[in-house]
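Hi,

Here's the structure I said I'd pass on to you. Have a look at it first, and then read on for what turned up.

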Amino acid sequence: MTQDIILNEERAKLIHKLEALKKESANLFYKRDEMLTYEYPKLCSLYLNEIGQLKYDEFSLQVDIKILSLRLSLIQAYINRNEMPDHDAIEKQVQAEMEKYRMTLENMMKDIREAKEYLSAPLLSPEEARELKALYVILVKRLHPDINPNLSERDEELYIKAVAAYKSRDLVTLRQIMLLVDSFRTDDLPEDTLLDQIDKVQKTIDAIKERISELESQFPFNLRDKIYDREWIEKEQSLLKESISALTEKKRSIEQTILVYKTWKPESLS
């Protein structure tokens, strides 16, 4: 009798721990989801509205100056040889350089897209791949609207998230969704299953915490406090405007020098 009481107490502790972990994992799941779905676009929009355009203007001027400097150096080379500059040949070289910048920017954007796709689709071990498929099959049976016509709005949303998680091979999210829709009562589970569930939920919690920590260290979340700090924004804007002003003046100076050089003629033609 005493042994049964002890076993029941231990079992109750396991059930209580599992339920607490499920609650914690659910809260973390929704925190991560809110960060990616709502906070990310808002923070990006705020940053671009306050800083982004100035950053673009600064970079655009830097490219312009590089192109103009190349044009100037090519003209200078002809002058140093006392030859009439071949402006058509110069223009071809300048256009080639401009094309190089364009292709570099396109390749950078391509790399960024591929990196995001890679990060959103983590590599899985064979065991994890089998678990992913098994969980998805169960979730489809429980949440597919064609199979379950009386789904709640919450379950329909979970089904959409399950499909997205399966496509991106996001096992952590799929496990979490499974926890949210699991129809088994924890007090009906055997002790070894309870222990296995506790282990899986704890791993899910650790994985989500790690992902949230990664997000917090990345743009735009690493600028969350600064984006809402008017003093920081105005300081950044001021620094960028100073840089743009200096670059604009440098660009104008190179353009004026080029105009002067274009009127130059070799001594034999003077």
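Predicted model: local features only at pLDDT ≥ 70, side-chain atom pairs only at ≥ 80, totals over all residues.

The accessible surface comes to about 17900 Å², and carbon and sulfur atoms make up 54% of that.

If you take the contacts in the chain with a separation of 6 or more, 77% of them link residues 24 or more positions apart.

Next, the inside. The largest nonpolar core has 61 residues, and the members that touch the most others are Leu 139, Leu 143, Leu 174 and Ile 177. Several helices give two or more residues to this core, among them α2 (87-120), α3 (126-143), α5 (171-181) and α8 (230-262). The top contributor is α1, with 21 residues.

Apart from its neighbours within four places in sequence, Leu 174 is in contact with Leu 132, Leu 135, Tyr 136, Leu 139, Ala 162, Ala 165 and Tyr 166.

Then try Thr 173, which lies in helix α5. Is Thr 173 buried or exposed? Its relative accessible area is 6%, and buried means under 20%, so Thr 173 is buried. Once the neighbours within four places in sequence are left aside, Thr 173 is in contact with Phe 29, Arg 32 and Ala 165.

Conventions:
Residues numbered from 1 in each chain as written. Heavy atoms only, no water. Core = buried A, V, L, I, M, F, W, Y, C linked by side-chain atoms within 4.5 Å. Buried < 20%, exposed > 50% of the residue type's maximum accessible area, 1.4 Å probe, protein only. Helix = DSSP H or I, 4+ residues; strand = E, 2+ residues; numbered from the N terminus. Contact = heavy atoms within 4.5 Å. Areas by Shrake-Rupley, 256 points an atom, 1.4 Å probe, with all protein chains shown as cover.
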